[in-house]
Amino acid sequence: ADPVEITVQRFFGTCDADWGTNTDISKAIGECGIITSQINKFAADNPDIKVNVNTVEWPGYDQLTAQLASGEPPDLVTIHESVLSDYQSKGLLQPLDEVLKSAGVDPAGFTAAGREGVTKDGQIFGLPIDSHTMLWHINMNYFRKAGLVNADGTLILPKTADELLAQAKQFKEKVGKPYLVQSMANEKGAFYRAMYIYLTQMKSDFFADPTHLKLNTPEAKKIVQLFKDIYDQDLTTKDQDYAASLSGFTKGDGGVLLNGTWVVGDFDALSKAQGNALSDGYTVYPYPPVFGGTPAYWSDGHSWALTKKDRSPEQTAAIQKFLKFMADTNFEWARTGHLPAQQAVIDSAQFKALPHVTTILDIAATAKPLPAQVRHQFAVNDIIGEEVAAAIMGQKEIDAALADAETRVNDLLAN
Amino acid sequence: MTGANIGMVRPRIGDVLIVLLVVLAALIMILPIAWVIALSFKLNQELKLDTNAVFHAPYTLKNYLDVLGGSNVFRWFLNSVIVSFGMTVGVLILSSLAGYGFARLRFPGRDILFVLVLFGLAVPEQAVIVARHQIFSMLKLHNTYPGLILPGLAAPFGVFLMTQYFREIPKELDEAALLDNASRFSIFWKVLLPQTIPAQATLGVFTFLGAWNDYLWPLISATKKEMYTITTGIASMQTNFAQTEGLGFLMAQAVFAGLPTLLVYLFFQKYIVAAVSGRAAR
Amino acid sequence: MRSATAHQSDLKNGIFVTPFLLVFSCLLVIPLLWGAWLSLTKADLFGPGKFVGLANYSRLFADKVFLGSIVNTLYFVLLTVPAFAVCGLALALALNRQTRFATVMRAIFFASSVLSVTVVTLIWRIVFIPDIGLLSNIFGWLGLPQVAFLSSPKLAMPAIAIATLWWGIGLPMMLFLAALQQIPGEIYEAAALDNAKRWKTLWHITLPAIRRTFVLVLIVQCVLQFQLFGQAQLMTQGGPNNASRPVVLYVYEVAFRRFDVGMGAATSQVLFALILMAALVQYVVARRKEESR
Amino acid sequence: MALIELKNITKSYGAVKVIDDLTLTIDSNEFMVFLGPSGCGKSTLLRMIAGLEGIDGGEILIDGRRIDPLPPGERGIAMVFQHYALYPHMSVRDNMAFGLRNIGVPEADIKERVTRAAQMLVLDNLLDRKPSQLSGGQRQRVAIGRAIVKEPKAFLFDEPLSNLDAALRVRTRVELAQLHNRMRSTMVFVTHDQIEAMTLAHRIVVMNNRRIEQVGTPMEIYSRPATRFVAEFVGSPAMNFLPVTTEGNQLKLADGTVVGPSPRIGTASGGAPLTLGIRAEAVALGAPGVGGLDAAVEVVERLGDRTLVYSRLKTGALIVAEAKGDSALTADTTVSLGFDRAGMHFFDADGKACREMSDA
Amino acid sequence: MALIELKNITKSYGAVKVIDDLTLTIDSNEFMVFLGPSGCGKSTLLRMIAGLEGIDGGEILIDGRRIDPLPPGERGIAMVFQHYALYPHMSVRDNMAFGLRNIGVPEADIKERVTRAAQMLVLDNLLDRKPSQLSGGQRQRVAIGRAIVKEPKAFLFDEPLSNLDAALRVRTRVELAQLHNRMRSTMVFVTHDQIEAMTLAHRIVVMNNRRIEQVGTPMEIYSRPATRFVAEFVGSPAMNFLPVTTEGNQLKLADGTVVGPSPRIGTASGGAPLTLGIRAEAVALGAPGVGGLDAAVEVVERLGDRTLVYSRLKTGALIVAEAKGDSALTADTTVSLGFDRAGMHFFDADGKACREMSDA
Ligand SMILES: Nc1ncnc2c1ncn2[C@@H]1O[C@H](COP(=O)(O)OP(=O)(O)OP(=O)(O)O)[C@@H](O)[C@H]1O
Ligand SMILES: Nc1ncnc2c1ncn2[C@@H]1O[C@H](COP(=O)(O)OP(=O)(O)OP(=O)(O)O)[C@@H](O)[C@H]1O
Ligand SMILES: [Mg+2]
Ligand SMILES: [Mg+2]
């Protein structure tokens, strides 16, 4: 019989040159390598299923939108949990509860963050594969030089905003470099994420009403003010874009890089090599709760979603197999630096043995995505990021920026 | 030119200055491309530390091998060739026919229609893209070659160019052919069309380049990997936050995507320059 | 008509333009009208919308970001269009000779025009990027401080304009070259005999002779630059602080990222009207000037 | 033997009438030239015969058959255009064959006809060239060849020589005349150059301002111009004109100088203002005071075989006289002009010629 | 009174020499015409005088002062171009004033000079028009006006009449001659039309192939051409040429027909091949068998004041003869041609004229 065809659409790039034929997932490195190898392995294991892989440019939603609009979507698609609701609310996605059940994947085994991320209106719309959040990536060599280490060699983290500023100043005096390495040029990511993290920690529920943002609050102001102070006092690198901040940190431009879980692997590898700024001096921490409150960390996650369209039972079966396979190999995906979405993987010794995992493990429990009902999260994030960035860099008054963010987001959500 | 000879009696400081300025400007034109090409021959890891590394060895072809290693690159290349050629041929046919019609024949409403077509020049693609996408969905044209080719055929520029060009061919030629018992179509086909070859070449090259470089429409219409063009295909190879993964790789992609058009340009350069300068300005 | 001749109006003659007009109507006119209708509806991409009258337009003109994007677009047009005209003319003047040098230079200045926007922006990001960019390297050697082109609200648009200029300078240069080559050499000789020096000749002979081309270049560039999209999206994503968000990018984000198709369509109509107006105004002004002369 | 008959033709472009109720017959084997100043409607007339322009009124007949409703290709005529209108991308051979192929003449036939025409026009060696590889004169011959192969009832030429340089023009003129002698076919030729018209035509149609001024043989036109316009337009240098009056028996200039006895013409001979026309060769140059009209020489043009002397009468009129061979005269001297009685023409106020009684 | 002196001028374009060691003097107030076929270097020579082309060797002097290193504007000369080269966007007034403004002539002065020139050229009413609103002849006058206002030492004209239609050309020719009479300034005029040259020049420089063939007054050039080229190029219709040999005392054609007694020329008179040149007006037409050379008439061109008869000798040579007035001859008849002894010219194998002894 002809093999059953399913179409799988994903981002994460193409790396056929390195991993195009690799079926040994454990050998693969990096997001692209691992996901390529995962799919290769699945195809090898299931000769009766033909997997058409459609690779799209990150994040691929323009294309997905077009495909859905034209009625020719792929079957399975990688999707950020924050974006799920956009498509789900239009009825474009297939609930997965039944599918997962038949596949033998129990949603109860998801991490809390993962489960929350894919659950919309009480139904599950995606197979979560990871959670990711922001971290402080630390250049320990500089921190030692700045005297910001405890006797046991561990890092002294600031506990309040003032402390943070003081430490940063001390750092700058001793090391001659800025404390923070931030990507500020046309990159909105770090800012909205910092906002979400600290606002959540301060329990300022900016999306109490998921259709209405409330951002012009004292808490929000405090956060923006802190970053503005850092910026004004030259305690951060400026004008670097995303790439420049990464390479800047590797070159030793500053002490703390604000970036995501996904770069941990790279830096860890660097720190084990000799002759660079991070050699034997790299570690990571969650954002220190400098405004008090309870630990909570914004998170998002990647998931596999299923589009709504007519399928044969064979295809559905194939899809079930695929999802099951992805859930089963979730550990391999976690090697990218992301937190896995399967609680069992988190609990496994294998996972804990990965570099720096212990430091960030708590995050899995305290990760907090935006409420699922908030629509257009990518767009909302962008707006908040833009406005906050403008305020931090002095292009706008803080109040005005927060107010503008509010109006823009609310106008967006109202339509 | 005669004008250039005037005052050749003594070389002027002004002339030297102009040459210097031109060379400087040319450097500005070339430098970015040179920079990109240079980066594309460097290992990503090295560039991550310092882009100044381009000034010393080692150089590598790995980035290009990686581009070529993408298993679909040749398919995308083929798609681009098919789409670009298809669009070029289509535009040439439609524009020539319409150019002849507008320039040479009288029919009711001709002038109004021509003005309407000229208005089309001012329509931004974004103003029609949503509706066009919906129409193509209804007609099931997405992920097909016609779906990629057709939108290019509606471009009024070719009609404008060909009309201008046909207008410049002496009317006596039509009349001679008319006295030679030639039909309307054979006047067009056998007598006038051969005169428009330079214009066809220009229009052809421009259409080809435009089709090759088109990005937005292929992105949302050809959503299956087998139907990507080289431009969207190469873009799809970029890893998220691509620059970090490999500046050299990214640059190799840029070079790879830009190379065919540059080659086409260099190959047809004489034609393009002559034709652009000969006709479009009038 | 009783007499069969070459030049009579006849419906049959229309057959030559029919194929193009068909494609033109189906793929441009109908979508344009469809877009006009969409602008009166509240619709997403996935199903029929509902009629809301002019609501989209009133929302639009209340939106600071949209108004800002119009200002940005106009600013960009002001930055680029005169620059295209002036630089294109300057290059054409410098290269209007039959030497090998001029030929090579013409090829160089036109070459960038054949690259796609993705490649161009990739190139220029690599030029402008701090730390690892070409400019920052050059500034480094010269001991100058780094300039953050793409992340400064003041410099972002000019930076995009520079990249655009680099990309598109070839076409106006060629158009001007064409016009220059059509000025009869005798007139320059007459001017030389009339003792006209270089600037006088430029001002009194050359410029008046290519006025029509100048207008053409202005109109063409206006139409093109009003449609700024790819460069802004790929180089700055409209930032920082919306300083480089042009109208088309706004359209794109609204329609494709927020699924607010009606609003996107409304924005498109406004843009179309703007372009048409700008082109017509220039055309009419040029016409009038010509007549009054 | 009328071959082409134009009956009451009218033609307007928009509101502008360019041909007004024109009737004309062109005979078989005749070389007919349309002569007139630029814009007088010559080309329009020719193109109406060819069918390239429609007519607004009247009829056109060829061989007694009405052809004005026919399309150009079916009228059995061939045309040679001013700029030749050769098909630039076709070889000389194909240029000639194109029309024959379009009406399905067998290839063997085509070949023969083309070869014959090429021999006649000495184009044998050029058959495979493209028009761009030919000289002006050769292109001209190809254009004629293209017409010849069609074996048309009539050839129409629209200023075919105006593109050639002076020497070639003279040579081609002679060749055209020889060709017509040889082929004996009907040719209609448009020009605004009177020398061409004079040298080529059997009959000339002088046109001006939408109308025919005169139809006649070259010598009729030259020596018995029907109107002042014709008198002025034909002949080089142009005829001299002087306003005169007849007083009693005397013909007087504006300042009263007597030119001779008054002519016996039909109109009331008393004091009616007339225009006297006289050609340069009818003006004799003598030493001053010999009895003619004294005039101051202003310009002397030596053409080698003859000399033109421009001199000014006391009335202020500039008169050109022709002397055979070289002349000793120089500018700024005075001469006496004698008008040959036989060479005098008279025109009334409307410009119509007045014939002397004795002529009638 | 030499005004312009060219000494040993050479000029090449790349590897092609267009002027080779040319020396020439143009006198003050002279009307000098450069005549020659297309491409012979006339324009180049003129443009070198104007300073629009550099010279590769030699010197150019005006008023005894060397000017070849000066830029065009500073040589004190004015030029009228073939296509006039009027500044299209300037009014007639500004066209004339432009050159004066550039050298800082006071506005009042400019105004006066422009007004004067405009009056002289009857352009008064056109001063505010643009060139595009003028007729060909008017443009021509503006171009001359633009030259006049500069009060130059010499005027240079590069085929200024070639763009005008026939009638206007004749009129403008006369006007130019009058203008020169009035202004008495030096004019250098380039043309390839021999009639223009003959009618306008004081002296003609006949050029061919990079060289000067002859310098002389129009009549010298016409009646004593120094070379066969000059003889052929000047005069219309062109001179007839026949290869002849002298045998004993007899001058014979190729077929042995005796034309007359052999000329007494310097070269060995026995059997040397010569070319006999004879102008149409020196060929007499008689009834056949009258004693001249029998010839078959092929074409008869009636020009009104004279008739050109083209007839073919038995040797195959086509001879043109001129008869005054109308002629009764028609094609396909036979005539007898008589050659006027005084009108015969002889040229040796190199094309150089051989003078008869009696002339020396
Ligand atoms: N297509 C047209 N539309 C309007 N008017 C025209 C058109 N063609 C010719 N005319 C006008 O008709 C008149 C006669 O034109 P025609 O071409 O017959 O003149 P012509 O005698 O051939 O002149 P020429 O010697 O300059 O060729 C002119 O006044 C011309 O302006
Ligand atoms: N700029 C140039 N470069 C190369 N050759 C040239 C140039 N200008 C003229 N020539 C050549 O020099 C020769 C003389 O040219 P010139 O223009 O002086 O001829 P001319 O006698 O004025 O001819 P015409 O009567 O056609 O104007 C010609 O053979 C021409 O081809
Ligand atoms: Mg005509
Ligand atoms: Mg010349």
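Modeller: What follows takes the labels one by one, with the value beside the rule.

Modeller: This is a predicted model: local features need pLDDT of at least 70, side-chain atom pairs count only at pLDDT 80 or more, and totals for chains, interfaces and linings use all residues. Residues are numbered from 1 along each chain as its sequence is written, chains are lettered from A and ligands numbered from 1 in the order written, and side-chain values use heavy atoms, without hydrogens and water.

Biologist: What makes Cys15(A) and Cys32(A) a disulfide?

Modeller: The rule asks for a pair of cysteine sulfur atoms within 2.5 Å. The sulfur atoms of Cys15(A) and Cys32(A) are 2.2 Å apart, so the pair meets the rule. By this rule the count is one disulfide over all chains.

Biologist: Where do the two partners Cys15(A) and Cys32(A) sit?

Modeller: Cys15(A) is in the loop between strand E1 (4–10) and helix H1 (16–19) of chain A. Cys32(A) is in helix H2 (residues 30–45), and the two are 17 residues apart. Helices (H or I, at least four residues) and strands (E, at least two) are DSSP runs, numbered from the N terminus.

Biologist: Why is the disulfide of Cys15(A) and Cys32(A) called left-handed?

Modeller: The torsion about its S-S bond is about -105 degrees, so the disulfide is left-handed.

Biologist: Why does Cys15(A) count as buried?

Modeller: Buried means under 20% relative accessible area, exposed over 50%, and partly exposed in between (1.4 Å probe, protein chains only). Cys15(A) has 13% relative accessibility, so Cys15(A) is buried. Cys32(A) is at 7%, so Cys32(A) is buried as well.

Biologist: Lys140(B) and Ala85(E) both have a positive phi. Are these residues buried or exposed?

Modeller: Lys140(B) has a relative accessible area of 56%, so Lys140(B) is exposed. Ala85(E) has 4%, so Ala85(E) is buried. Phi is about 55 degrees in Lys140(B), which is not a glycine. Phi is near 55 degrees in Ala85(E), also a residue other than glycine. Lys140(B) lies in the loop between helix H7 (126–138) and helix H8 (145–153) of chain B. Ala85(E) lies in the loop between strand E6 (77–80) and helix H2 (92–102) of chain E.

Biologist: How do you know that the peptide bond from Trp58(A) to Pro59(A) is cis?

Modeller: Omega is near -5 degrees there. Pro59(A) is in the loop between strand E2 (49–55) and helix H3 (61–70) of chain A. A cis peptide bond also joins Ser236(D) and Pro237(D), with omega about 0 degrees. Pro237(D) lies in the loop between helix H8 (228–233) and strand E11 (240–247) of chain D.

Biologist: Why is Gln342(A) called buried, and what is it in contact with?

Modeller: Gln342(A) has 11% relative accessibility, so Gln342(A) counts as buried. Contact means heavy atoms within 4.5 Å. Leaving aside neighbours within four places in sequence, the partners of Gln342(A) include Gly109(A), Phe110(A) and Leu127(A). Gln342(A) lies in the loop between strand E14 (339–340) and helix H15 (343–347) of chain A.

Biologist: What makes Ala391(A) buried?

Modeller: Ala391(A) is at 1% relative accessibility, so the buried label applies. Ala391(A) is found in helix H18 (residues 377–392) of chain A. With neighbours within four places left aside, its contacts include Val224(A), Lys228(A) and Ile398(A).

Biologist: How do you know that chain A and chain D do not touch?

Modeller: No contact joins them, and their closest C-alpha atoms lie 49 Å apart. Chain A and chain E do not touch either, with nearest C-alpha atoms 50 Å apart. Among the eight pairs of chains that touch, chains B and C have the most contacts.

Biologist: How much of chain D is buried, and how many helices and strands has it?

Modeller: Buried residues make up 56% of the 360 residues in chain D. Chain D has eight helices and 20 strands. Its C-alpha trace spans about 75 × 45 × 35 Å along the principal axes.
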